[in-house]
Amino acid sequence: MRGRIVLGMKTKYILTIAVLVLATNTYASTITYVGADATRGGTVNLSWMGVAGSDYAGYIDITVDGTYSRFAFCADIGTNISNTTYNTLIRSPSTITNGLRAAWLVENYMANVTTVTAGEAMQIAIWDIIHDGADGFSAGNLRSTISTDAAVLTAANQYLTLSFGKSSYNAIIYNNTQASNGVAAQTLIGRVPNDGGPGTPEPATFLVTAAGLILLGAFGRRKLS
């Protein structure tokens with residue numbers, strides 16, 4: 001819809017300000033996928049988009065910039081990742097769907113994951129939050145099957161209950177691409193580190209600049225539309 005501004009009689013000057021808003025909440029970096037953590041994750045039987053299968057669910061070991069050893073969870077069930085180095089954009093959890101709720105879970109409970117069952121449960125809870133809006137494991141694209149471990153399901157549902165209505169910016173999204181060709185690789189989510197390496201960017205910083213001074217000799221009635 002186009003608006004219209006009507007300028008009154010004998011208006012001599014109008015100052016038009018062009019506003020440029022720049023939002024920055026991304027750091028460029030690299031990650032190396034080291035592997036799955038067999039002490040805090042394992043194979044879980046699930047159905048994804050109507051297809052039953054087995055997937056690793058749990059802690060993922062990575063290094064950032066070849067120096068900082070960290071742990072993460074998968075935030076993108078539909079994309080693969082393998083043992084190599086990727087270009088990554090380190091982003092706020094607000095940049096992915098339902099990322100703030102998943103970030104709250106990671107911030108508050110990831111450090112307490114010390115068993116295979118807990119790792120599997122947190123991973124499938126994160127998937128359900130991000131991909132299905134935490135609708136549980138009998139609805140949506142991600143569902144349990146008759147073969148899904150009952151203890152994992154119980155723990156995952158507890159994570160969904162704990163995270164209801166919660167949100168946080170205190171997690172990192174690793175938005176990864178293959179270094180050779182830029183093809184998307186699996187997006188990861190991890191805790192805010194204290195290792196001195198790159199962490200979660202501050203909430204978007206807005207820079208406003210003014211430009212353009214228009215001088216109008218506005219004798220009489222003028223319309224801008």
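Tutor: Let's start with a term: buried means under 20% relative accessible area, exposed means over 50%, and partly exposed is anything in between, using a 1.4 Å probe and protein chains only. Helices (H or I, at least four residues) and strands (E, at least two) are DSSP runs, numbered from the N terminus. This is a predicted model, so local features need pLDDT of at least 70 and side-chain atom pairs count only at pLDDT 80 or more, while totals for chains, interfaces and linings use all residues. Residues are numbered from 1 along each chain as its sequence is written, and side-chain values use heavy atoms, with hydrogens and water left out.

The helix to look at is α2, residues 116-132. Of its 17 residues, 14 are buried, so α2 is largely enclosed by the rest of the structure. Just after α2 comes glycine 133, with a positive phi of about 65 degrees.

Now for its partner, helix α3 (residues 150-163): the two axes come within 8 Å and cross at roughly 50 degrees. That makes α2 oblique to α3. Here axes are lines fitted to C-alpha atoms, for helices over the stretch in contact, and angles run from 0 to 180 degrees between N-to-C directions. Under 35 degrees counts as roughly parallel, over 145 as roughly antiparallel, 65 to 115 as roughly perpendicular, and the rest as oblique. The crossing of α2 past α3 is right-handed, meaning that the near helix is turned clockwise from the far one by less than a right angle.

Which residues do the touching? With contact meaning heavy atoms within 4.5 Å, α2 contributes Thr117, Ala118, Glu120, Ala121, Met122, Ile124, Ala125, Asp128 and Ile129, and α3 answers with Ala151, Val152, Leu153, Ala155, Ala156, Tyr159, Leu160 and Ser163. By type, that contact splits into 13 nonpolar, two polar and two charged residues. For the record, Ala, Val, Leu, Ile, Met, Phe, Trp, Tyr, Cys and Pro count as nonpolar, Asp, Glu, Lys and Arg as charged, and the others, Gly among them, as polar.

Positive phi turns up elsewhere too: aspartate 65, in the loop between β4 (51-64) and β5 (68-74), has phi near 55 degrees. At 36% relative accessibility, aspartate 65 is partly exposed.

Notes:
Expected span 1.5 Å × (residues − 1).
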